[in-house]
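Q: I would like to be walked slowly through one part of this model, and then through the parts that it joins. Please take it step by step, as I am new to reading structures.

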Amino acid sequence: MTEIESNITSVNIEKGSVIIAMSGGVDSSVAAALLVNQGYKVMGITMKLWGYVDTGGNIVEESRCCSLDDIYNAKDVCAQLGIPHYTLDFSEKFRDTVITNFVDEYKHGRTPNPCIVCNTKIKWESLLDKVDELGFDYIATGHYANKVRDSESGQWMISKGKDSSKDQSYALWGVGQEALSRTLFPLGTLTKKEVRQMAAKSNLKSADTPESQEICFVPDDNYRRFLNEKYPDEVKDIPKGNFVDGSGKIMGQHEGIHQYTIGQRKGLGIATGERIFVNRIDVETNNIYVGSKEETLFSSFIVHKINLFTSLANLIGQKRDVMIRYNSDAKPARIFERENSELLVIFDSPQSAITPGQSAVFFQGDNVLGGGNIKSVILDEFAIKKDEGNIYAKS
Amino acid sequence: MIYLDYAATTPITPLVKEGIYLFLNSGPANASSVHQAGQAAHHILSKARSQLASIIHSKEKEIIFTSGGTEANNLAILGFAQSQSHDKTQHFITSKIEHASVLSAFEYLESLGHEVTYLSPQSSGCITPDSVAKAIQKNTALVSIMWTNNEIGNNNPIHEIAQLCSDKNIIFHCDAVQALGYEDFQFDHLNIDMLSISSHKIYGPSGIGALIVKTRVPLKPLIFGGHQNWNLRGGTENLLGIHGFQIALTELESHRLEDKEHSERLFIHALGLLKNNPKICINTNLENRSNHILNFTIKNIDGESLFMRLDMLGFAVSNGAACSSGAQKPSHVLKALGKSDEEAQSSIRMSWGRFSTIDEINSFAKALQNIID
């Protein structure tokens, strides 16, 4: 089915009831319309996650998410669809989990991925709790992703959406098994283009909403400004330190490790006539290592805080495709087990800017086998190689 | 749907609807126009004003039509403050349980450097004359205390507070939006200098209200641009609204006793159904109540979900203050009464009126019991 019929079909009791998380954007609006059309009993919920008072900055342009405009959009779309809509305030929980984690990660020289924390802790935990309290069957979102069930184990897995340019399966690795079994992704079999066409055809109010940005609560995309302005007490004591090159030579002074991320080139204030990139943030020495593009290439890293949709045996010692940042290509790697429920990942070929704090997601074809947080990058590749025999023996 | 949210807005009566419809068919009408059509419009305005004046026992000159209760409150507080000397810091007294339009106006005055005392209610929810007396300073210019609280439905001892202010020669404003229709309004016998009322709480259209002001009160306009309302509120009169307001008020007058008895009957009935449930704690003060609002807290329940479930079942009630996003915030009134955020969030305001029935209260109570038990 590629279009939303204008006349709403009646609710089919057997289909069940679903709460759809609606941002007010085009994706979740079309997802809601599809569910209504498929005969589910649907309720729209907009989760208010933060307000402008939380974000600060001289924000002229309305941000894409959580603004009043968007909430009203969601409300209007629900009215068009003839379904109820409510706004629920999750801002306290969002601040205590997502934003606190965001600040903490930068403080420790890592680069957080708040969308993944939000998916795991807010959407598929707090919102799902509401789904239960209200006696609804399913939770749905406008993510471009699918879920599939392993016929042998009966386990649910996330899998890639049809639109590879919009695929959001990377951001969903943290969803739990029970939660996933009760999740619907109405857009998984559609492309963004088709979704926009449907919205226009059905005259949905959100048909022309712009694409959402990366971090909703940093609408100006300036996370340094956000940290310094909104969390001054957290970051004011972070000491300055040195930029150091591969030979140990001091190249300049940095403003505190929270202001930098791996692979960063702009804003370093180092003039050497060559393009210089951050390749490592050393929390212990407070040094930030910089160098050529080639020097950001590493092969091996450790992943922790893991969530799997499959058995560990399906990963260990196997060659899988691993994605280390949103909207990048998954690259082949071998995966090994370590102590403390950690995994060691070794790419077949070195990858640039493997960044602690980001997620590593394991794919087999289009299916997500699981994922985790990148804990650290292995600098001494030789040690790994030397150790590889033992690792193989162990797994 | 079972509508138990009369304190938010009331249904428009058939008589008011008919009057509005007839008015809409009566041709163009600007009460300021000099031609005969304008004269006809002016006649409607004068009639409405004199009718309103006779019902609330005020002079016609004392009525300033506004866009509703919020504007009436703003005009009373800010219009009065504007009329005072700008060199001196003025002191104002209000309470923590006022409507947002009163609180926000005072917060604005604070931002201009004026001083505001926000009185806390007693645990019963009432503001005592004693607490007002204690807060009065040499430079106190205005006291503003509401008559009936819109969230918990308690009545403040407004006559005593008015008398106190009158004795001290301090201007007294009263937000009476929720009291209109339930309390006796004889403006000429009250010591109230300014009184805010609104049409859509008494079965009239929304978008129209009035500030009733004793002529001795100095006031500056907030909206400039025309001679209307004695230069105190510019803009072509909302004749459609004024006309509807007048019909509603006239109808209200003839229903007064009946309405009062009916709402009391419903109050006693609802209270009887709810008060013995150990999970329910009544917030409305039973001694000084207005009878059309019943507010209660449900222990250990998620307020948001409760509210949504009631709505899904077709019961329109309120759980205090909704912010512009529609997300529910803990009510500032319940918090002023000492409730925690959680308790305030899991509180329900039922309110009823002329068209509510015992059956409706029964089915609501039954649905509520099913959810919480």
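Predicted model: local features only at pLDDT ≥ 70, side-chain atom pairs only at ≥ 80, totals over all residues.

A: The contact between the two chains takes 12 residues from chain B and 12 residues from chain A. On the side of chain B that touches chain A, these residues divide into 3 nonpolar, 5 polar and 4 charged. To see what kind of chains are joined in this way, we can look at each of them in turn.

Chain B is divided into domain 1, which takes in residues 2-8 and 255-372, and domain 2, which covers residues 14-251. The C-alpha centres of these two domains of chain B lie 27 Å apart, and 25 residues of domain 1 of chain B are in contact with 22 residues of domain 2 of chain B. On the domain 1 side of this contact, helix 7 (239-274), strand 10 (293-298) and helix 9 (332-336) of chain B each supply at least two residues. By class, the residues of that side of domain 1 of chain B divide into 6 nonpolar, 13 polar and 6 charged.

Helix 7 of chain B also takes part in a helix pair, for its axis and the axis of helix 2 (residues 36-56) of chain B come within 9 Å and cross at roughly 35°. The crossing of helix 2 of chain B and helix 7 of chain B is left-handed. Helix 2 of chain B brings several residues to this contact, among them Ala41(B), Ile44(B), Leu45(B) and Ala48(B), while helix 7 of chain B brings residues including Leu239(B), Ile242(B), His243(B) and Glu253(B). Taken by class, the residues of the contact between helix 2 and helix 7 of chain B divide into 9 nonpolar, 4 polar and 1 charged.

In the loop between strand 8 (209-213) and helix 7 of chain B we find Trp230(B), which has a positive phi of about 55° although it is not a glycine. As background, most residues other than glycine have a negative phi. Trp230(B) counts as partly exposed because 14 other C-beta atoms lie within 10 Å. Another loop of chain B, between strand 1 (2-3) and helix 1 (14-24), holds Ala8(B). Ala8(B) is partly exposed too, because it has 16 other C-beta atoms within 10 Å. The C-alpha atoms of Ala8(B) and Ser318(B) are separated by 8.1 Å, although these residues are 310 residues apart along the chain.

Turning now to chain A, we find 10 helices and 17 strands. Buried residues make up 44% of the 395 residues in chain A. Among contacts in chain A with a separation of 6 or more, 66% are between residues 24 or more positions apart.

The domain assignment gives chain A a domain 1 (13-142 + 186-201), a domain 2 (238-291) and a domain 3 (295-394). The C-alpha centres of domain 1 and domain 2 of chain A lie 37 Å apart, and the contact of these two domains takes 5 residues from domain 1 of chain A and 7 residues from domain 2 of chain A. On the domain 1 side, there are 1 nonpolar, 3 polar and 1 charged residues.

Ser292(A) is in the loop between strand 11 (287-291) and strand 12 (297-308) of chain A, and it is partly exposed because 14 other C-beta atoms lie within 10 Å. Asn340(A) is in the loop between strand 14 (331-337) and strand 15 (343-352) of chain A, and it has a positive phi of about 60° although it is not a glycine. Asn340(A) is exposed, because it has 7 other C-beta atoms within 10 Å.

How values were computed
Residues numbered from 1 in each chain as written. Chains lettered and ligands numbered in written order. Helix = DSSP H or I, 4+ residues; strand = E, 2+ residues; numbered from the N terminus. Buried ≥ 20, exposed ≤ 12 C-beta atoms within 10 Å, placed from the backbone. Domains from an automatic or database assignment. Nonpolar A, V, L, I, M, F, W, Y, C, P; charged D, E, K, R; others polar. Axes fitted to C-alpha atoms, helices over the stretch in contact; angles between N-to-C directions. Left-handed = near helix turned anticlockwise from the far one by under 90°.
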